[in-house]
Amino acid sequence: MHELAVTESLLNTACDYAIKNNAQRVISLSIIIGELSSIIGDSVQFYWDIISENTICEKSTLVFNKIPAKFICQSCGKEFEINGELIPCPACGRMDLRTIQGDEFLLESIDIEKDPNKKR
Amino acid sequence: MSKKTIQIVKKIMSANDQIAEENQEFLNSKNILTINVMASPGSGKTSLILRTIENISSQSKIAVIEGDTAPVTIDSDKISNLNIPVIQINTGGECHLDALMVRTGLEQLDLSNINLLIIENVGNLICPAAFRLGEHFSIVIASIPEGDDKPYKYPNIYRGIQSLILNKTDLLPYVDFNIDYFKQGIEALNPGVAFFPLSCKTGEGFDKWADWLKTRIQEMK
């Protein structure tokens with residue numbers, strides 16, 4: 001349930017960029033969620049609809065781009081993705097692994113609507 | 001109206017991380033080693049803190065920040081009974097401490113001559129992992145009755161920690177807990193993490209943890 005704090009952080013960031021770019025409103029946000037980030041997209045969406053009311057982000061759409069967890073085996077160098085469950089290296093069977101992808105939780109971009117008569 | 005895409009690519013937690021960094025700078029300026037203790041409810045966070053205080057308070061001055069979801073002072077009372085400065089942060093139902101809450105706690109604590117600050121996070125294996133507080137070391141306490149599969153089910157909390165305590169080893173004869181299986185999961189997530197199986201009840205294994213902590217405090221001076 002820490003998604004509320006996370007969603008507030010997301011809203012602040014999106015509003016900052018939207019205002020800086022003279023947006024009339026925000027249409028959508030593109031968000032990257034790594035499988036290991038422990039963020040639940042549905043839960044972020046739930047809070048988003050509530051807390052974005054009366055802001056420049058009201059009624060905007062959240063688009064989640066999920067990226068899988070990826071490990072490298074430090075024994076044999078094999079890179080592999082996991083699907084939910086933690087598994088040993090499929091090549092050599094050892095558990096000497098390092099994460100190379102899957103921690104991410106990023107606001108990638110926002111689509112905004114702006115008045116073409118205004119500068120920038 | 002025209003539509004435009006603004007590229008951002010920004011970590012969403014960065015506001016919290018920024019405050020965490022400021023907290024750490026403040027703690028560095030006072031040479032206060034700070035540890036963030038995370039665990040599920042009932043794993044023995046308060047027991048570990050009490051025993052740690054007992055073990056090292058003759059050599060180091062300790063202060064404690066207690067994170068709790070409700071305004072119940074059971075934990076902080078136990079600590080203040082030992083004449084240790086303690087501040088309780090009531091998160092108002094939130095499942096974790098964040099850097100701003102810790103900053104508020106730091107402002108309220110008398111930190112003069114303190115060498116070690118222990119932050120007891122809210123009992124939870126998911127949310128606290130996402131929020132840095134300004135600590136120098138993050139610690140997780142697992143315990144035997146929770147089961148040996150926890151690293152596989154809650155991988156995030158075990159990654160990025162510097163020390164792992166496995167508490168309640170006195171219960172090993174009564175519980176099916178495969179330490180090798182548990183350690184294999186940990187090694188995959190966090191190779192080489194300092195690992196201390198111990199019992200806060202009997203004191204078995206406790207000295208190794210206390211020595212590790214004393215060394216970290218020395219390094220801070």
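This is a predicted model: local features need pLDDT of at least 70, side-chain atom pairs count only at pLDDT 80 or more; totals for chains, interfaces and linings use all residues.

Colleague: Why is B:N83 called exposed?

Modeller: A residue is buried if 20 or more other C-beta atoms, placed from the backbone, lie within 10 Å of its own, exposed if 12 or fewer, and partly exposed in between. B:N83 has 9 other C-beta atoms within 10 Å, so B:N83 is exposed. This residue sits in the loop between α3 (74–80) and β4 (86–90) of chain B; helices (H or I, at least four residues) and strands (E, at least two) are DSSP runs, numbered from the N terminus.

Colleague: And why does A:N22 count as partly exposed?

Modeller: A:N22 counts as partly exposed because it has 13 C-beta neighbours inside 10 Å. A:N22 belongs to the loop between α1 (3–20) and β1 (23–34) of chain A.

Colleague: What is the phi of each of these two residues?

Modeller: Phi is near 55° for A:N22 and near 60° for B:N83. Most residues other than glycine have a negative phi. A:N22 has a positive value and is not glycine, and that also holds for B:N83.

Colleague: How do you know that β3 (residues 69–73) and β5 of chain A pair?

Modeller: Two strands pair if DSSP finds at least two bridges between them. Four bridges join β3(A) to β5(A), antiparallel, so they pair by that definition. A:F71 has A:T99 as its bridge partner in β5(A).

Colleague: What makes β4 (79–82) and β5 (97–101) of chain A edge strands?

Modeller: The open sheet has the order β4-β3-β5 in chain A. β4(A) and β5(A) each have a single partner strand, so one side of each is left without a neighbour in the sheet.

Colleague: Which strands pair between the chains?

Modeller: β6 (residues 105–114) of chain A and β1(B) pair in the antiparallel sense over eight bridges. A:K114 is bridged to B:S2 in β1(B).

Colleague: How many residues does each chain bring to the contact?

Modeller: Chain B brings 31 residues and chain A 32; two residues are in contact if their C-beta atoms, placed from the backbone, lie within 7 Å. β1(B) gives the most to chain B's side, with ten residues.

Definitions and conventions
Residues are numbered from 1 along each chain as its sequence is written. Chains are lettered from A and ligands numbered from 1 in the order in which they are written.
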